[in-house]
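This briefing is meant to be read with the sequence and the coordinates side by side. Please look over both before turning to the points below.

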Amino acid sequence: MTFFDDLRAEHELIERVVGSLRTFVSWRAAGKPTGDVGGALLAFFLDFAGGFHHAREEGVLVPALIREVELPRERGPIAELFSQHATMEKLLGDAGALWVRQAWTPAEAADAVRLTTEYADLLLRHIDMENSVFFPESEARLARQGVRELESLVPSQAALRAKSAVEALISALPPTENPDLLRGDGCVMCPSMGVTCKGVEREWWTDQEWDDFKEARAAGD
């Protein structure tokens with residue numbers, strides 16, 4: 001399994017845990033018993049999704065793109081990856097502080113639902129952006145430079161414990177989706193598109209890629 005295959009497989013697990021997280025928060029806000037799982041969920045998103053998965057993107061993949069492909073760090077998809085990670089980290093801190101409390105007031109329950117929804121929605125849209133744009137574009141560009149595999153980081157014991165703990169509780173918290181969340185592929189679905197990023201074509205494409213694109217369009221006309 002390649003570095004990118006590992007990241008995509010981790011996305012699948014993260015998505016399943018997001019569904020269970022939504023269930024945990026909605027059940028608890030409604031007064032239903034959930035068990036003492038808030039700490040395990042928080043540890044997973046802190047130690048595995050953040051401390052391991054995001055750390056490999058930031059500490060292994062991004063340096064390779066800057067070094068081997070000479071892609072810019074200060075703008076475009078790489079800058080947005082860091083920005084979205086930082087926003088999610090802030091949301092996780094605020095929401096996670098509520099997940100681990102033993103009881104919620106009505107106001108805290110409302111805050112927990114709101115913050116968890118913001119965190120979960122951004123995380124899933126971030127995953128869509130990475131799976132459909134960032135990873136395939138990065139993989140292709142690295143391959144053109146002769147880089148077909150990247151060294152991985154070794155997960156910490158905390159990350160492994162957090163992963164094992166949530167895998168054991170997922171079945172007790174059947175996943176819930178947000179029916180209002182619009183998901184999809186491509187830059188157009190990224191929350192940064194048109195706001196702080198112009199899209200992968202304008203940010204990353206070379207002159208040769210634009211020439212090839214124009215030739216392909218002309219041939220199709």
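The notes that follow go from the overall fold to the core, and then to individual surface and loop positions.

The model is a predicted one, and the values given here are computed from it.

**Overall fold**

- Along its principal axes, the C-alpha trace of the protein chain spans about 60 × 35 × 30 Å.
- Of the 221 residues in the protein chain, 44% are buried.

**Nonpolar core**

- The largest nonpolar core is made up of 38 residues, and the ones with the most contacts inside it are Phe-44, Phe-45, Trp-99 and Tyr-119.
- At least two residues of this core are supplied by each of α1 (3-29), α2, α3, α4 (106-144) and α5 (157-169), while the largest share, 9 residues, comes from α4.
- As general background, nonpolar side chains in soluble globular proteins tend to be buried together.

**Charged surface patch**

- Asp-207, Asp-211, Asp-212 and Glu-215 together form a negative surface patch.
- One of these residues, Asp-211, is found in helix α7, which covers residues 207-220.
- Asp-211 has a relative accessibility of 37% and therefore counts as partly exposed, since that class lies between the cut-offs of 20% and 50%.

**Glu-70, a loop residue with positive phi**

- Glu-70 sits in the loop that runs between α2 (38-69) and α3 (76-99).
- Although Glu-70 is not a glycine, its phi is positive, at about 60°.
- For comparison, most residues other than glycine have a negative phi.
- The relative accessibility of Glu-70 is 69%, and Glu-70 therefore counts as exposed, because the cut-off for that class is over 50%.

- Pro-179 belongs to the loop between α5 and α6, the latter helix comprising residues 200-204.
- With a relative accessibility of 76%, Pro-179 counts as exposed.
- Pro-179 and Ala-9 are separated by 170 residues in sequence, and their C-alpha atoms lie 24 Å apart in space.

Conventions:
Residues are numbered from 1 along each chain as its sequence is written. This is a predicted model: local features need pLDDT of at least 70, side-chain atom pairs count only at pLDDT 80 or more; totals for chains, interfaces and linings use all residues. Side-chain values use heavy atoms; hydrogens and water are left out. Patches are made of residues with over 30% relative accessible area and no salt bridge: like charges are joined within 9 Å, nonpolar side chains (Val, Leu, Ile, Met, Phe, Trp, Tyr) within 5 Å. Accessible areas come from the Shrake-Rupley method with a 1.4 Å probe; for residues, only the protein chains shown count as cover. A salt bridge is a side-chain nitrogen of Lys or Arg within 4 Å of a carboxyl oxygen of Asp or Glu. Lys and Arg count as positive and Asp and Glu as negative; His and the chain ends are not counted. The place of a charge is taken as NZ of Lys, CZ of Arg, CG of Asp or CD of Glu. Helices (H or I, at least four residues) and strands (E, at least two) are DSSP runs, numbered from the N terminus. Buried means under 20% relative accessible area, exposed over 50%, partly exposed in between (1.4 Å probe, protein chains only). A nonpolar core is a set of buried Ala, Val, Leu, Ile, Met, Phe, Trp, Tyr and Cys residues joined through side-chain atoms within 4.5 Å.
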